[in-house]
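Biologist: I am new to this structure and would like a close look at a single part. Could you take me through the place that carries the active-site annotation?

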Amino acid sequence: MSCSLNLDEFPHTRYNPLKDEWVLVSPHRTKRPWKGQVEESKNPNRVRFDPSNPLCPNVIRPNGQTNPDYKETFVFDNDFPALFEYDDLLQDCDSSDPIHNDLFKVQPAKGSCKVMCFHPYSDLTLPTMKITDIMNVIKKWIEMYQELSSRYTWVQIFENKGEIMGCSNPHPHCQLWASNFVPNEINREDKNQSIFYKKHGKVMLMEYLNRELKSKERIVLENEHWVVLVPYWAVWPYETMMLPKRHVTRIDQLSEIEIEDLAKIMKKLLIKYDNLFKCSFPYTMGFHFAPCGKFLNEPQDHWQLFASYLPPLLRSSSVKKFMVGYEMLAQPQRDLTAEKAAKQLRELSDTNHYLIHSDTSDY
Ligand code: H2U
């Protein structure tokens, strides 16, 4: 059944089949005046090397360790990790009282937290890095995934970018958290993709992608192996999803040419993002794919790898969307439609970065 409602004008709810949840879309509200918080707009004025920055090469971190004179990427164990690699201390967490067990569930959580610097220079970000340097980053993600995936059931690769996202350091970096449990978001996506696969005999996100490629309405970028789109069910104003065109269940299945094309499409998307509000665009991004560890021996064909970009900005480099009130208590809500966000992003240059003013696509 298709919907005859004018989705550009009228409030409606859209279903997210990955999360099994709804988002309220209120397009008419984009016209409302704004008198709320305005964040200070800062253009980066960064130094290439700061001897007091613990992510720079040759610097002594507060824990006394000296970083190597790294030339490409550099990975180290987080000095303040959320998870530890310990021998099982809390083996039996169940009591003999079944009601207590339902009300006070607990499981031992162990894992490994890594920090990964993308490049020795603090004044670079992914959109201003060379394609070969971005490929090094992707290859290091794959290498780290392969190192951790036999021991842990999940490896979350994520980048928090910008102070507004709580990022503590301007040096280009990301984190990897491996855990002995499958976190909530991945669990939900696993369950919903599995239900879809059993019901339709098809991979949910491959079907979704094929339909998006036909409609073109929400496509932002496309190259031979990858697509960037604003998902139909996007919550954040300029949220995007990056998907391979081939069915890929895990990140270590990407071929050399797919890695190169991923680097190219990432750079293009991030140039567009920076150009949108003429700022170093903040976001949280990360990859989702089939869980690992004991799941490596189970069929995971219902999964399709994808990256999500979740940026907080709404209408300028200083006005962010707040996920408060109704969103915290009822369900996510957005004003700008996914189609309008995609059109805006599509129309921006993906080669000329606003700070560089020249074609940097082959840089
Ligand atoms: P963000 O990605 O949120 O900026 O976090 C950077 C991480 O780097 C953070 O988790 C770690 C912090 O614990 N870090 C170290 O492990 N050692 C340091 O000396 C500085 C920061």
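Modeller: What follows is a walk around that one residue. This is a predicted model, in which local features need pLDDT of at least 70, side-chain atom pairs count only at pLDDT 80 or more, and totals for chains, interfaces and linings use all residues. Residues are numbered from 1 along each chain as its sequence is written, and side-chain values use heavy atoms, with hydrogens and water left out.

The feature "active site" is placed at His173 by UniProt, in an unreviewed entry; UniProt positions are given in the numbering used here, feature names are shortened, and annotations may be inferred rather than shown by experiment. His173 belongs to strand E6, which covers residues 173–179, where strands (E, at least two residues) and helices (H or I, at least four) are DSSP runs numbered from the N terminus. With a relative accessible area of 10%, His173 is buried, since buried means under 20%, exposed over 50%, and partly exposed in between, for a 1.4 Å probe and protein chains only.

Leaving aside residues up to four places away in sequence, His173 touches Leu55, Val115, Met116, Cys117, Phe118, Glu159 and Cys167, a contact being heavy atoms within 4.5 Å. The His173 side chain also reaches the backbone oxygen of His171 at 2.5 Å; a polar contact is a pair of N or O atoms within 3.5 Å, and within protein one must be able to donate a hydrogen and the other to accept it, while residues adjacent in sequence count only if both atoms are side-chain atoms.

Elsewhere, Arg188 forms a salt bridge with Glu21, with the closest N and O atoms 2.9 Å apart. Because Arg188 lies in helix H3 (residues 184–200) and Glu21 in strand E2 (residues 21–25), the pair ties together parts that are 167 residues apart in sequence. A salt bridge here is a side-chain nitrogen of Lys or Arg within 4 Å of a carboxyl oxygen of Asp or Glu.
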